[in-house]
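Me: Hi! Could you walk me through this structure with me?
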Amino acid sequence: MKITLNDAVKKIQTAEKILVTAHINPDGDAIGSTLAMLQILRALNKNTVTYIDDKLPKNFVTLPFADEIKKPVDGEKISADLMIILDTAPDRIGKVLEVTDAPILNIDHHVTNKNEENFLYVEATAAATCEIIFQLTKLLGVKITEDIATCLYTGLATDTGFFNYSNTKPATFRAAAELVECG
């Protein structure tokens, strides 16, 4: 079911235990949005874990909290109130889908995401999922720290070809400027 960003805020606010994930073969937007979301949820005192069913590319392992991304183990089960899938549909998260049976909140910028059976927020005009998470952070009332800004900026920069691709809009530059101001 398609929902609004405000609906996504409500889902996050009512959950206590949250698993955050993104797609296999992760890029800067997948990793950046996952790590930013981890920090945002912890700022809200949520019990949060991150899983990605793949190895992180070497150029992203130095991002803040990257060492907290786990890879699922066969048979592993996690009790959670909500699973947040970022930057992709559920069919691209590999074994993470088997780790919990929590309701799914799917946040993405790919218009091809048709995940109608779960709670889906897609903003196709956003240059990156990190741009959506930037907006979500403000709606949740979380202060953007230097570490959150670093993760979000990474996703913005990589998914826009360092602001060269046609998906780069004025809102993307405004978000990037604000993130740079955060540190």
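**Thr-48 and beyond**

Reply: Happy to! Thr-48 counts as buried, at 4% relative accessibility; buried means under 20% relative accessible area, exposed over 50% and partly exposed in between, with a 1.4 Å probe and protein chains only. This is a predicted model, where local features need pLDDT of at least 70, side-chain atom pairs count only at pLDDT 80 or more, and totals for chains, interfaces and linings use all residues. Residues are numbered from 1 along each chain as its sequence is written, and side-chain values use heavy atoms, with hydrogens and water left out.

Me: What does the side chain of Thr-48 reach?
Reply: The backbone oxygen of Lys-46, at 3.2 Å.

Me: And which residues is Thr-48 in contact with, leaving aside neighbours within four places in sequence?
Reply: Ile-18, Val-20, Leu-38, Leu-41 and Arg-42, where contact means heavy atoms within 4.5 Å.

Me: What about Cys-182?
Reply: Its closest cysteine sulfur is in Cys-151 at 12 Å, again too far for a bond.

Me: Is Cys-182 buried, partly exposed or exposed?
Reply: Cys-182 is partly exposed, at 29% relative accessibility, while Cys-151 is buried at 0%.

How values were computed: Disulfide = S-S within 2.5 Å. Polar contact = N/O pair within 3.5 Å; in protein donor to acceptor, adjacent residues only side chain to side chain.
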